Amino acid sequence: MFVLSFFISGCSHVFSSHQQNSNKSPENISNDYGKPEIVGEIENKEIKESSGIAASHCNEGVFWTHNDSDDGAFLYAINVKGENLGTFKVPNAENVDWEDIGYFRDKAGKCFIYVGDIGNNTRNRSVLTIYRVAEPKVSDADKDSSKKNPGKTENAEAIKFEYPDLRHDAETLMVNPTTADIYIVSKRLSDSAGIYKLSSNYDLNKTNKLEKIGDFKVPAIPNGLLTGGDISPDGKRVILCDYFNAYEITLPEKAKNFDEIWKQKPLIVELGERAQGEAVGYSADGKAIFATSEKKNSPMIKVARK
């Protein structure tokens, strides 16, 4: 993370200039959303690098986030204004380089959080991990919790995986709300990103091999430097982000397979100014997009659907 952060900090003005001059033509911008607005800021000082965000479907008004590397296995509950709702330790999990968070609610109404320990800047890890844990109930008493005195989740399941081709760095993890299939999007500086899939029938007793669905690029320079993403609650839209903007793709009405969505043209959804944007996700009702950045007291950015 630190290598890429150094590179981006020195070159962000170059990327921004290229993107604005080359990619923000009218045909590349979505007309489905209004302008971004700051609705609050993350107040919990323990959240130093909000690297992923997911809206709860079992705790009304709750969003889940987590830090990047250099933190323990903690999940943080916040509300739409960024106000602190609780800190939760995740047993049977380790934060080597947590990069994104996904979400799934099953047919019985039970909710699960997925955390992607998928960062791999030096490409030294061949086997990576996704942690799946039942979402805890958040109560008023949890507002007093902290890393020194956290609430606790149930034990996490550790889903081990490897790529079918090369070792990749990735910061985007998503869970299909209808199938529970998991998607990981690689992060590339010099080329298109790769789309990888792990079906919901993964095996907890072995290292699962991902399936490569295809390549994907956004209207930006670089075009594969993706840092976060989410699938809408109805399973018909995908939002992805890089350090500057978000990009949405929509499943065609007559599509028979969700994976047809990766062939669609991504449209820019502007997120406004972010220090280092690595987290984006849909609201629980799918009517808005929320984004944070990797810094203390990150703004909570909302972009409402028209």
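**From a loop to the salt bridges**

Modeller: Let's start with Asn23, which sits in the loop between helix H1 (2–22) and strand S1 (37–41). Keep in mind that this is a predicted model. Asn23 counts as buried, because its relative accessibility is 9% and the cut-off for buried is under 20%. Now hop along the chain to Asp259: 236 residues separate it from Asn23 in sequence, and their C-alpha atoms are 25 Å apart.

Asp259 brings us to your salt bridges. Side chains of opposite charge can pair when their charged atoms come close. Here, the side chain of Asp259 meets that of Lys197 in a salt bridge, at 3.1 Å from N to O. That pair links distant parts of the chain, 62 residues apart: Lys197 is in strand S13 (residues 193–198), while Asp259 is in the loop between strand S18 (245–250) and strand S19 (267–270). Both partners, Lys197 and Asp259, are buried. Salt bridges can also share partners, and that joins Asp32, Arg237, Glu248 and Arg305 into one network.

Across the whole structure, a search turns up 12 salt bridges. One of them is between Arg132 and Glu157, at 3.3 Å from N to O. Arg132 belongs to strand S8 (residues 128–134) and Glu157 to strand S10 (residues 157–162), so this pair ties together parts 25 residues apart in sequence. Arg132 is buried at 17% relative accessible area, whereas Glu157 is partly exposed at 28%.

Then there's Asp191 with Arg188, whose side chains meet at 3.7 Å, N to O. Asp191 is partly exposed at 37% relative accessible area, and Arg188 is partly exposed too, at 31%.

Methods
Residues numbered from 1 in each chain as written. Predicted model: local features only at pLDDT ≥ 70, side-chain atom pairs only at ≥ 80, totals over all residues. Heavy atoms only, no water. Helix = DSSP H or I, 4+ residues; strand = E, 2+ residues; numbered from the N terminus. Buried < 20%, exposed > 50% of the residue type's maximum accessible area, 1.4 Å probe, protein only. Salt bridge = Lys/Arg side-chain N within 4 Å of Asp/Glu carboxyl O.
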